[in-house]
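Colleague: Could you walk me through reading a sheet and its loops? I would like the general idea first, then the case at hand.

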Amino acid sequence: MAYEVKLTSAVLRDLARLPMSVGSRILDEVEALAQEPDPIRHVKRLKGGSLNPFYSLRVGRYRAILNIYDDVLLIVVVEVGHRSTIYRKY
């Protein structure tokens with residue numbers, strides 16, 4: 001019962017700008033999260049009152065911003081970046 005992972009076009013662009021070792025590590029962590037039975041337990045919920053909340057996955061000094069849809073077993077990676085700049089939109 002693994003979750004499916006979708007990457008937005010912005011994430012693909014962001015991953016191309018990062019060093020290859022960092023990008024592959026982020027993707028490995030997201031895939032490992034998708035294999036968990038309850039991935040929400042392993043991420044931090046970001047503040048904000050939206051219907052579909054954003055979550056942050058910590059990977060060293062970098063963060064992946066996610067939406068997790070339990071009803072359809074889907075994880076959408078919205079943005080990837082350094083922790084100093086990633087939270088400005090959320």
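Modeller: Gladly, and let's begin with a term: buried means under 20% relative accessible area, exposed over 50%, and partly exposed in between, with a 1.4 Å probe and protein chains only. This is a predicted model, where local features need pLDDT of at least 70, side-chain atom pairs count only at pLDDT 80 or more, and totals for chains, interfaces and linings use all residues. Residues are numbered from 1 along each chain as its sequence is written, and side-chain values use heavy atoms, with hydrogens and water left out.

Colleague: In what order do the five strands form the sheet?

Modeller: Strands of a sheet pair through backbone hydrogen bonds, either parallel or antiparallel. Strands here are DSSP runs (E, at least two residues), numbered from the N terminus, and two of them pair if DSSP finds at least two bridges between them. In this model the sheet is open, with the order S1-S5-S4-S3-S2 and mixed pairing. S1 (4-7) and S2 are the edge strands, each pairing on one side only.

Colleague: Which strands run parallel, and which antiparallel?

Modeller: S1 and S5 (residues 74-82) run parallel, joined by four bridges; Glu-4 stands opposite Leu-74 there. S3 (residues 54-59) and S4 (residues 62-69) are antiparallel, with six bridges. S2 (residues 44-45) also runs antiparallel to S3, through two bridges.

Colleague: How should I read phi in the loops?

Modeller: Most residues other than glycine have a negative phi. In the hairpin of S3 and S4, with two residues between the strands, Gly-60 has a positive phi near 65°. Leu-73 is a residue other than glycine, yet its phi is positive, near 50°.

Colleague: Where is Leu-73, and how exposed is Leu-73?

Modeller: Leu-73 sits in the loop between S4 and S5 and is partly exposed, because its relative accessible area is 24%. Val-72 belongs to that loop too, and counts as exposed because its relative accessibility is 54%. Val-72 and Met-1 are 71 residues apart in sequence but 11 Å apart in space, C-alpha to C-alpha.

Colleague: What about Arg-61: buried or exposed?

Modeller: Arg-61, in the loop between S3 and S4, counts as exposed because its relative accessibility is 58%.
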